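This report describes selected parts of one protein model in plain terms. Please keep the sequence and the structure in view while reading.

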Amino acid sequence: MDGRDWWQRAIFYQIYPRSFQDSNGDGIGDLDGIRQRLDYLSWLGIDAIWVSPIYPSPMADFGYDISDYCDIHPIFGDLAAFDALLAEAHARGLKLILDYVPNHTSDQHPWFLESRSSRGSAKRDWYIWRDPAPDGGPPNNWVSNFGGSAWTWDEATGQYYYHAFLEQQPDLNWRNPKVRSAMYDVLRFWLERGVDGFRVDVIWHLMKDPDFRDNPPNPGYQPGDPTIRRLLQVHSTDQPDVHDVIAEMRGVVDEYPDRVLIGEIYLPIERLVAYYGTELRGTHLPFNFQLIEATWHARNLARIISEYEGALPRGGWPNWVLSNHDKSRIASRVGQEQARVAAMLLLTLRGTPTMYYGDEIGLEDVPIAPEDAQDPWEKNEPGLGVGRDPQRTPMQWDASPGAGFSTAKPWLPLSPDFGRRNVAVLQDDPRSILTLYRELIALRARPVFQIGDYHPIEAEGDLLIYERRHGEERALVALNLGGAPAEVSLPGRTAGPWRITLSTHLDRLEPVQGALMLRPNEGLVLL
């Protein structure tokens, strides 16, 4: 396929393991549950699954506070269950990507317990310890992403330690070569087991300003915003020397053939693309979250796409994401009708798409009562709407009391409409959003969509129109982002009239030429 790597042709599918499938009746998803649903993923047509953290953890941040990088939390199973999942995924032609969380550990990790034991500990410098400011307070003004100061006082040793997130998540000191070596051995442990790559959590956080200067105030901060918006994270994130570390990390991954390194990076496009690295020796795919954060207007989306395409380094491969475990689901952001149009956008743009479990059934954010809240950020800053539980609720498989997810009470509530919004019902509906996703995924197997060029055509009013081109093959994508009909003038071509190959309404297959009418909230693919 034109020399492209598998991850350039693939469709990725993110699984939040607590919420995908419970196999043992405790209300929490697990590895055997994922394994039981591999046939569904094969039926859907995706190529790779990315599994959020499954390591031993006190679960202060639901697995992003890791106490052992080389084992499995008993909630999810054990290493034998992981190996079985990996083997069965590979037997179906599915790749498996793990979450790698290198910025911080749990405060219960043996490394931190030793680091905290005394100032003379051999691992003291594995974490970021600083003396108090002259007034006895924290060393600088840095704040935690989850509210409050990013510094916690340790009475026993008389210093503060830094944590970009919860105080139970102390940051590792990536300026220490021993830390780097130990964390690269973690990569090798899983690569040796056969995993196909990693999504690296908060990769832009790894290096901090060596002088620990104060962060400047954010002029855009508004009362009621989360604490993290109070300051610009100029000195606590995105430091120039982070790219040297990422190049080393990439070198470890490249010791093994056909693996991929994906970086979680919430930065503007012009800074994001630096994470491809010098001579593309950084992450293969710096996650592009522009669609998650975009206002849903045709001209705005066209601008985002063009700016991203224009900013990519030579040879850099694009990627797109609509939803994830940290952000509101696409169906809640744009509504059910436009969620179908968004699916067509995601799966017809140039580059690697990543789906989020449940988006293919139109799952929306589920309201969470205060007493049911699990997310520590929500508990730390209640009332600000920062909770991430609504987009982490269980997958809905059928209309049984536990939605086919569990025979017990699920760890988070199900959507109130699970009786009709579930895989079993939507699989049998030829015009459902699930059917649309499957048709789009099948269509994307064509080279014109996998590796073809992107050519903008129009972005006026509610219309977003572009072409994909590969050799002599051309595909036209016309999206109506509005609630009124819109007429499209079709570009001419020598291959004869265009043919509607797929509508988001799943009810049009016809040749057209000259012009066509898009119905409200309709997207079309023409070949």
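**A buried aspartate**

Aspartate 201 counts as buried, with a relative accessibility of 6%; buried means under 20% relative accessible area, exposed over 50%, and partly exposed in between, computed with a 1.4 Å probe on protein chains only. This aspartate lies in the loop between β7 and α7. Helices (H or I, at least four residues) and strands (E, at least two) are DSSP runs, numbered from the N terminus.

Apart from neighbours within four places in sequence, aspartate 201 is in contact with Tyr64, Asp99, Tyr100, Val101, Pro102, His104 and Glu264. Contact here means heavy atoms within 4.5 Å.

**Basis of the description**

The model is predicted: local features need pLDDT of at least 70 and side-chain atom pairs count only at pLDDT 80 or more, while totals for chains, interfaces and linings use all residues. Residues are numbered from 1 along each chain as its sequence is written, and side-chain values use heavy atoms, with hydrogens and water left out.

**The parallel sheet**

An open sheet contains 8 strands with parallel pairing, in the order β9-β8-β7-β3-β2-β1-β11-β10. Its edge strands, β9 (285-286) and β10 (319-321), each pair on one side only. Two strands pair if DSSP finds at least two bridges between them.

Within this sheet, 3 bridges link strand β3 (residues 95-100) to strand β7 (residues 197-200) in the parallel sense. Arginine 199 of β7 stands opposite aspartate 99. Helix α7 (residues 242-253) packs on the sheet and touches β3, β7 and β8 (260-263). The direction of α7 makes about 150 degrees with that of β8; axes are lines fitted to C-alpha atoms, for helices over the stretch in contact, and angles run from 0 to 180 degrees between N-to-C directions.

**Two phenylalanines with positive phi**

Most residues other than glycine have a negative phi. Phenylalanine 62, although not a glycine, has a positive phi of about 50 degrees. This residue is found in the loop between β2 (48-51) and α4 (79-91), and its relative accessibility of 8% means that it counts as buried.

Phenylalanine 212 also has a positive phi of about 50 degrees. Its place is the loop between β7 and α7, and at 15% relative accessibility phenylalanine 212 counts as buried.

**An antiparallel pair**

Strand β15 (residues 486-489) and strand β18 (residues 515-518) run antiparallel and are joined by 4 bridges. The bridge partner of glutamate 487 in β18 is methionine 517. Ala486 and Val488 form the covered face of β15, whereas Glu487 and Ser489 form the uncovered one.
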